[in-house]
Amino acid sequence: MITKGLSRGEILIGLEQGFFKEGDEFSNGFGGVIFIDDTLTLRWKNDSEYVLCAVSQGRYDLIEKSQFKVGDWVYYTDYDMKTYIVKLLNYHICPRKNDFEYQLENFGWRYESFIRKATDGEIAVEKQRRFWSKLGREVNGYRLGDICRWKDLLLEVEYVDQDNVWLKVFNHDEPESCGVCLHKEELSLFIPVETPRFEMKG
């Protein structure tokens, strides 16, 4: 079944034969969009009271459904070939181009050719970057006094070098026996040193 340059009659035939379905939309290339409603009737977009009449002229292209949805993480390449992992905030069809345009977090509206779906690994890295950025630090930027989680233990940072962190078990009864050195990637930050702390006094 062809999907471009369709007349109203061809759309209805495609609907009858199962090629088109409820919710499909078609653009005439001049800002007009029609859709198949829940009664399998053609209607103008944004005007559900006006049924497209039998004498309506023009040719229509099927609007392909977006592969993205609001809230998706996408990999965006800008005009300078720099790349970012950002969230998709909104999208719409650009009728004159019969192409989707997407509103990206911090970057405004961009066409689909600029983005792809981000991988799980890329999303995890970006979430980590944002977490640390909110603290004004680089990723894994541990500081003296931070409370970290390792396995089922809470530990306090005593010293940090380029790759490793020296820690002691937080509030342990025998601190002299609980020093440990771990690679930064093994830890997760639990309470930043900047967070106010209150000591219990008996």
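**Notebook: salt bridges, strands and a sheet**

I began in helix H2 (residues 120-134), where arginine 129 and glutamate 126 both lie, three residues apart, about one turn of the helix. I am working from a predicted model. I checked the two side chains and found that they meet in a salt bridge, 2.8 Å from N to O. Then I asked how exposed each partner is. Arginine 129 has a relative accessible area of 42%, so I noted it as partly exposed. Glutamate 126 has 8%, so I noted it as buried. The cut-off I applied for buried is under 20% relative accessible area. Glu105, Glu126, Arg129 and Arg130 are linked in a network of salt bridges.

**Other salt bridges**

I searched the whole structure and got 10 salt bridges. One of them joins the side chains of glutamate 10 and arginine 59, at 3.0 Å from N to O. I looked up where the two residues sit. Glutamate 10 is in helix H1 (residues 8-16), and arginine 59 is in the loop between S3 and strand S4 (61-62), so this pair ties together parts 49 residues apart in sequence. Glutamate 10 has 28% relative accessibility, so I logged it as partly exposed.

I also looked up aspartate 146. Its side chain meets that of arginine 137 in a salt bridge of 2.7 Å, N to O. Are these two residues buried or exposed? Both aspartate 146 and arginine 137 are buried.

Next I went to strand S2 (residues 33-36). Val33 and Phe35 point one way, Ile34 and Ile36 point the other way, and all are buried. The general rule is that side chains in a regular strand alternate between the two faces of the sheet.

Which strands does S2 pair with? Strand S1 (residues 25-27) is joined to S2 by three bridges, and the two run antiparallel. Within that pairing, I found isoleucine 34 of S2 as the bridge partner of phenylalanine 26. S2 also pairs with strand S3 (residues 42-44), antiparallel, over three bridges. There I found leucine 42 of S3 as the bridge partner of isoleucine 36. I then checked the turn. The hairpin of S2 and S3 has five residues between the strands, and leucine 40 takes a positive phi near 60° there.

**The five-stranded sheet**

I moved on to an open sheet of five strands. The order is S13-S12-S11-S10-S14, with antiparallel pairing. Which strands form the edges? They are strand S13 (179-183) and strand S14 (188-191), each pairing on one side only. The twist averages 45° from one strand to the next.

Strand S11 (residues 153-160) and strand S12 (residues 164-169) pair in the antiparallel sense over five bridges. Glutamate 156 stands opposite lysine 168 in S12.

**Whole-chain totals**

I found two helices and 14 strands in the chain. Of its 202 residues, 33% count as buried. The accessible surface comes to about 13200 Å², and carbon and sulfur atoms hold 51% of that. Residues 24 or more positions apart account for 40% of them.

Notes
Residues numbered from 1 in each chain as written. Predicted model: local features only at pLDDT ≥ 70, side-chain atom pairs only at ≥ 80, totals over all residues. Heavy atoms only, no water. Pairing = 2+ DSSP bridges. Helix = DSSP H or I, 4+ residues; strand = E, 2+ residues; numbered from the N terminus. Axes fitted to C-alpha atoms, helices over the stretch in contact; angles between N-to-C directions. Buried < 20%, exposed > 50% of the residue type's maximum accessible area, 1.4 Å probe, protein only. Contact = heavy atoms within 4.5 Å. Areas by Shrake-Rupley, 256 points an atom, 1.4 Å probe, with all protein chains shown as cover. Salt bridge = Lys/Arg side-chain N within 4 Å of Asp/Glu carboxyl O.
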